[in-house]
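Here are my notes on the model you asked me to look over.

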Amino acid sequence: MSFYLSQVISLFLIPAIFFGILWSRVEFRFYKIQFWSSFCAIFVGAACFIYLPYGQVHILIASGLYAAVLFLALLYGVMLRPSGSVVIAFQAMVLLCASFMWAKIAKLSMLSATNVINTDFILNGSALVAGFFLIVWCQVITTKIMSFLSSGLNRTMTCVLVLIALLPLSGEIMLSAIKLQILGLTQGLLSYVSKVTNFYWVYPYCALVFGLIGMTALFLSQVRPLRLAKAGFTSALERRKNQAKINRFNGILKQYGFIIILILSSLLYWDLVASQPLRRSPATRIELMADQRVHIPVNETLVDGKLHRYEWVASDGKVVRFFIIDRYPGEKKFGVVFDACMLCGDAGYTQVGDQVICLACGVHIFIPSIGKPGGCNPIPIPKWTLHNNEITISKKMLESGLQYFSEVLEITVTDPVNGEELSNKDADHTYQFGGKTYFFTSEATYEAFRAEPWKYADSAAINNDEEGE
């Protein structure tokens with residue numbers, strides 16, 4: 001939902017503020033004609049992208065036309081007294097091109113995963129409506145504010161706004177031209193395209209700055225002088241008229257401030273929260289007890305139906321992750337599995353609401369099936385026991401999961417031949433024997449172990465296990 005809201009704001013906020021400023025200099029504003037012409041332009045632009053064959057030629061034409069129309073609208077607004085009919089035509093052309101570029105990234109085909117009206121479709125459709133409502137409201141209030149400000153400030157703001165809008169458009173034009181081999185690929189050109197397109201998310205925040213500038217200018221040029229003049233009025237009628245003007249301007253400022261807060265909140269939520277990739281929750285480090293098993297108490301937390309992640313560090317420093325989940329909350333029907341998948345590797349799983357999701361491929365796992373092999377299900381731990389309100393897993397079962405994980409922590413280990421300590425990550429020589437990895441301080445001890453591994457293996461395993469406890 002937040003994706004569709006943020007994308008509407010990101011693509012249409014600068015045009016809304018730009019034409020809000022432009023319309024402030026038009027005597028008759030034709031609100032109904034503005035609305036319907038804009039609606040049709042947005043619909044036609046999105047339909048053109050959806051129904052035309054996808055190709056770089058169309059993107060090049062649309063982005064080039066968008067940049068050209070914006071530039072012509074800027075020249076017209078700066079050099080001439082704007083006419084309502086001409087501004088309507090410019091706005092329709094800009095919105096048509098903007099909606100084409102919007103449909104390119106808005107993923108409108110994903111409004112719903114089915115062909116029927118469902119909750120996802122309603123939420124995503126509501127986000128689109130809310131986004132366009134905020135854009136229309138923003139343009140209307142921008143027009144009101146800028147109509148009270150100087151033409152010099154209006155022209156300056158429109159020039160800078162168009163410059164900001166042209167930066168990502170120039171990147172789109174150059175990128176399409178490179179793909180079509182119209183432009184040659186150079187390091188400088190590629191660097192420019194990368195910078196202006198990768199920082200696309202910054203542009204709507206820049207547009208909000210112009211909204212704040214307009215609010216500040218209105219307060220300093222209109223509200224503040226009226227407040228200072230209040231003390232000089234002798235008649236009650238003059239004071240009431242002055243207060244009415246102050247109230248009018250305050251109402252406009254409050255509306256605009258509220259819009260800016262809504263838009264800023266929507267953008268920040270998407271950029272800082274909703275768009276962030278899913279991550280694994282922290283794992284609880286556990287160690288083997290004297291019986292060479294890990295013991296996990298079954299308490300009220302463990303039966304809450306949530307994913308509880310643990311990690312065990314083997315004698316060679318390799319981390320084995322596993323998690324426990326009560327598949328039917330409160331019934332103690334546990335799934336005890338490695339935090340890895342036969343198909344996707346050791347990216348692991350996370351839980352969002354009532355869904356367990358594979359972080360590698362995004363597949364949603366049916367929770368009652370956790371603990372069973374196959375598909376993208378997590379790899380089951382072969383044997384574990386539930387006894388005396390404890391889940392126990394043997395060292396042998398944990399070691400069977402070593403092959404599924406790649407993370408290695410730096411720990412202190414012992415050379416099995418000479419008994420010297422060293423870091424597992426600093427060892428130049430390692431050797432695998434009996435399913436374990438052994439580390440050596442020198443080539444001589446390495447060769448001695450290779451010659452008679454059974455002579456040293458048992459004592460080494462004991463030493464390293466003692467260090468891990």
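This is a predicted model: local features need pLDDT of at least 70, side-chain atom pairs count only at pLDDT 80 or more; totals for chains, interfaces and linings use all residues.

1. The chain has 12 helices and 15 strands. Its radius of gyration is 33 Å, whereas the globule rule gives 23 Å for 469 residues, so the chain is more spread out than a compact globule. The C-alpha trace tells you about the extents: it spans about 100 × 60 × 50 Å along the principal axes.

2. If you take contacts between residues at least 6 apart in sequence, 68% of them join residues at least 24 apart.

3. Rolling a probe the size of a water molecule over the atoms shows where empty space is left. The largest pocket holds about 860 Å³ of space. Which elements give two or more residues to its lining? They are helix H1 (2–23), helix H2 (31–51), helix H4 (84–106) and helix H5 (119–146).

4. The lining of that largest pocket comes to 32 residues. Nearest the centre you'll find Ser 38, Phe 39, Ile 42, Phe 132 and Val 136. By residue class, the lining has 25 nonpolar and 7 polar residues, with no charged ones. If you plan to look at this pocket yourself, those five central residues are listed above as the ones nearest its centre.

5. The second largest pocket has about 360 Å³ of space and a lining of 17 residues. Leu 11, Pro 168, Leu 169, Glu 172 and Tyr 200 lie nearest its centre. How do the lining residues divide by class? There are 13 nonpolar, 2 polar and 2 charged.

6. As for who builds that second pocket, H1, H4 and helix H6 (151–179) each supply at least two lining residues. H6 gives the most, with 6 residues. H1 and H4 are also among the elements that give two or more residues to the lining of the largest pocket.

7. One residue I'd point out is Phe 133, which sits in helix H5. Is Phe 133 buried or exposed? Its relative accessible area is 52%, and the cut-off for exposed is over 50%, so Phe 133 counts as exposed.

8. In general, strands of a sheet pair through backbone hydrogen bonds, either parallel or antiparallel.

9. Within that sheet, S6 pairs with strand S7 (residues 355–358) over 4 bridges, in the antiparallel sense. Val 352 stands opposite Gln 355 in S7. The hairpin of S6 and S7 has 2 residues between the strands, and Gly 353 there takes a positive phi near 65°.

Terms used: Residues are numbered from 1 along each chain as its sequence is written. Side-chain values use heavy atoms; hydrogens and water are left out. On a 1 Å grid over the protein atoms alone, a cavity is a set of points where a 1.4 Å probe fits but cannot get out, and a pocket is an open set with protein on both sides within 12 Å along at least five of seven lines; lining residues have an atom within 4 Å of a point. Grid points are joined across faces, edges and corners, and a volume is the space filled by probe spheres set on the points. Ala, Val, Leu, Ile, Met, Phe, Trp, Tyr, Cys and Pro count as nonpolar, Asp, Glu, Lys and Arg as charged, and the others, Gly among them, as polar. Two strands pair if DSSP finds at least two bridges between them. The radius of gyration is taken over C-alpha atoms; the globule rule is 2.2 Å times the number of residues to the power 0.38. Contact means heavy atoms within 4.5 Å. Buried means under 20% relative accessible area, exposed over 50%, partly exposed in between (1.4 Å probe, protein chains only).
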